[in-house]
Amino acid sequence: MRRAYSVETVRAAEAALMQRLPDGALMRRAAAGLATACGDLLRRNGRVYGSRVLLLVGGGDNGGDALYAGARLARRGAGVRALLLSPEKAHPGGLAALLAAGGRVVDGPDGLGVLDLVVDGITGIGGRGGLREEAAAAVRAVTRSRTPVLAVDLPSGVEADTGEVRGEAVRADATVTFGTYKPGLLVDPAAELAGALRLVDIGLGPELPEPPDLEALQYADVAALLPVPGAESDKYRRGVVGVVAGSERYPGAAVLAVAGALHGGAGAVRYVGPGADAVIGRFPETLVHAGPPSKAGRVQSWVAGPGLGDGPGAQEAVADVLAADVPVLVDADGLRFLEPARVRTRTAPTVLTPHAGEAAALLGVSREEVENGRLAAVRELAARYRATVLLKGSTTLVAEARDTPVRVNPTGTSWLATAGSGDVLSGLTGSLLAAGLAPRDAASVGAYLHGLAARHGSDGAPVSAQDVAAGIPAAWRDVRAG
């Protein structure tokens, strides 16, 4: 599991560790890991000896890490130059080490010729706002020719704690981070600028508290959560999902939500809504009912909202589902009918699955505000509704009202930006709720499988929501196989 901690927590852990280490030992560990990563990247594109490396150096420890790493590369035969963006604040020990190893300081970004690697050591994890104009101009000048960029700890100009980008920032091909991941490396829009991530162990682990601020599940974590039927299982033990979805205008939403639930391992699906003919035509095993939902029969979870529209009866159906004493997932059109007080008073769990536009409507803010501050938005929604919230998007986030780490889904893909894929996710997550997974786990595992399913369905080509649904079993097998 990838774990991320706030700047405040990281600094406290570093301070505690440094008390037990000789002066400069922590920076030497970081610089050694950084130099190794630089060497690996240079070898991938040629070789270290004779390569041309430029260090963009700001003040503080990140600049020091870059300078010490540059000294190591220079001793291996690389031509290393440093552009000091704040010369008076450059780390003295690191600068001395670079010069002693044969590195040079340059006055500006012009006339440097062809570069093999740019190392971004401009700002550290405490940086706020975008790059200053001088730094931004230097970055633009040295990356025009698409020279690979490796960021130190995180790309300069992004917010370490939130993933926000409030101005111009470095776009890195790779980022080497130290001790632990930072939230901004896992949450868009900053995560998109970080490139491939590499974590360097500097001995910080024992100093980091529980729980982390963010976590990202990996194969083994998801495999441990997957519900697998036993020899005595029947459809009720596997979980029956109730689906309230679709309308005369959007019957396909019902089909896709049911597809997600069935492919997600539900023992049975009860469908309530006007799309019964379309659902039965595609999935004859579905149990259909005219409604209301409370009269449809026994279920272990409800999914309500995809394609409901705003016609008569939609609001009543959502209210009827919310009155049930089982986990309820509300998505899409169903989100329009939510009142925070009604959701907060439910005794059974509630899961909300908005995209950025729907989250903005629930919070009364602009879509841009949600997209630029995804972490704050998902936490606020979870607190306001006392629900588990799955915020869909370029990085899908899952948050609870209580003090647990926000989960970041690492399997997202741009192929999921297709009509109906969210309906599939709703049904899939509903099936996991019916199987007995806790809401946070169901949402996290659902998002993880959903992303893998899209990759299976696309195979590098355009993908439809039906492809995503069809790819769920293969995603499930991948996870179980490790």
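1. The largest cavity is lined by L217, T396, V398, R407, V408, N409, P410, S444 and Y448, where a cavity is a set of points, on a 1 Å grid over the protein atoms alone, at which a 1.4 Å probe fits but cannot get out, and lining residues have an atom within 4 Å of a point. Its space is about 40 Å³, and the structure holds one cavity of 30 Å³ or more. Two or more lining residues come from each of β18 (406-408) and α17 (439-458).

2. This is a predicted model, in which local features need pLDDT of at least 70 and side-chain atom pairs count only at pLDDT 80 or more, while totals for chains, interfaces and linings use all residues. Residues are numbered from 1 along each chain as its sequence is written, and side-chain values use heavy atoms, with hydrogens and water left out.

3. At least two lining residues are supplied by each of α9, α13 (356-363), α14 (367-372), α16 and α17, and α16 gives the most, with four residues. Helices are DSSP runs of H or I with at least four residues, and strands are runs of E with at least two.

4. Two of these pocket-lining helices, α9 and α16, also pack together: the axes of α9 (residues 251-263) and α16 (residues 421-434) come within 6 Å and cross at roughly 40°. That angle makes α9 oblique to α16, since angles under 35 degrees count as roughly parallel, over 145 as roughly antiparallel, 65 to 115 as roughly perpendicular and the rest as oblique. The contact (heavy atoms within 4.5 Å) involves A253, L256, A257, G260 and A261 of α9 and D423, V424, G427, L428 and S431 of α16.

5. The peptide bond from E210 to P211 is cis, with omega near -5°, and P211 sits in the loop between β8 (196-200) and β9 (214-216). A cis peptide bond also runs from G291 to P292, with omega near 0°, and P292 is found in the loop between β12 (287-289) and β13 (301-304). A332, although not a glycine, has a positive phi of about 50°, and its place is in the loop between β14 (328-331) and α12 (340-344).

Notes:
Axes are lines fitted to C-alpha atoms, for helices over the stretch in contact, and angles run from 0 to 180 degrees between N-to-C directions. On a 1 Å grid over the protein atoms alone, a cavity is a set of points where a 1.4 Å probe fits but cannot get out, and a pocket is an open set with protein on both sides within 12 Å along at least five of seven lines; lining residues have an atom within 4 Å of a point. Grid points are joined across faces, edges and corners, and a volume is the space filled by probe spheres set on the points.
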